[in-house]
Amino acid sequence: RAATNTAANLAEGQRRMPGNKRRAFENASGEAREMVGCLDCALAWGWATDHTEVRRELDRLLALCWGLTH
């Protein structure tokens with residue numbers, strides 16, 4: 001759900017006016033952070049083991065969101 005919302009907010013932000021655009025990108029960033037939290041839980045519960053590549057991609061996504069909002 002968080003991954004879908006991240007993509008949806010990024011897409012929505014592309015067609016918004018400046019103030020609303022930033023808000024959509026901030027929402028995308030929040031959803032991406034939620035994905036990090038979900039990954040951390042999956043690792044803690046033993047549902048996932050090798051997370052290096054996924055975490056690297058999430059870090060890149062968060063950096064993108066940072067650049068869009070700051």
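Student: How many helices and strands are in the protein chain?
Tutor: The protein chain has 3 helices and 0 strands, where helices (H or I, at least four residues) and strands (E, at least two) are DSSP runs numbered from the N terminus. This is a predicted model, in which local features need pLDDT of at least 70, side-chain atom pairs count only at pLDDT 80 or more, and totals for chains, interfaces and linings use all residues. Residues are numbered from 1 along each chain as its sequence is written, and side-chain values use heavy atoms, with hydrogens and water left out.

Student: What box do the C-alpha atoms fill?
Tutor: Along the principal axes, the box is roughly 45 × 20 × 15 Å.

Student: And what share of the residues count as buried?
Tutor: 27% of the 70 residues. Buried means under 20% relative accessible area (1.4 Å probe, protein chains only).

Student: Which residues make up the largest nonpolar core?
Tutor: There are 12, including Phe-25, Met-35, Val-36, Leu-58 and Cys-65. Such a core is a set of buried Ala, Val, Leu, Ile, Met, Phe, Trp, Tyr and Cys residues joined through side-chain atoms within 4.5 Å.

Student: Which elements give two or more residues to this core?
Tutor: α1 (2–14), α2 (18–44) and α3 (52–69). The most come from α2, with 6 residues.

Student: What does Met-35 touch, leaving out residues up to four places away in sequence?
Tutor: Met-35 is in contact (heavy atoms within 4.5 Å) with Ala-2, Ala-3, Thr-6, Leu-58 and Leu-61.

Student: What part of the contacts with a separation of 6 or more comes from residues 24 or more positions apart?
Tutor: In the protein chain, 54%.

Technical notes. Buried < 20%, exposed > 50% of the residue type's maximum accessible area, 1.4 Å probe, protein only.
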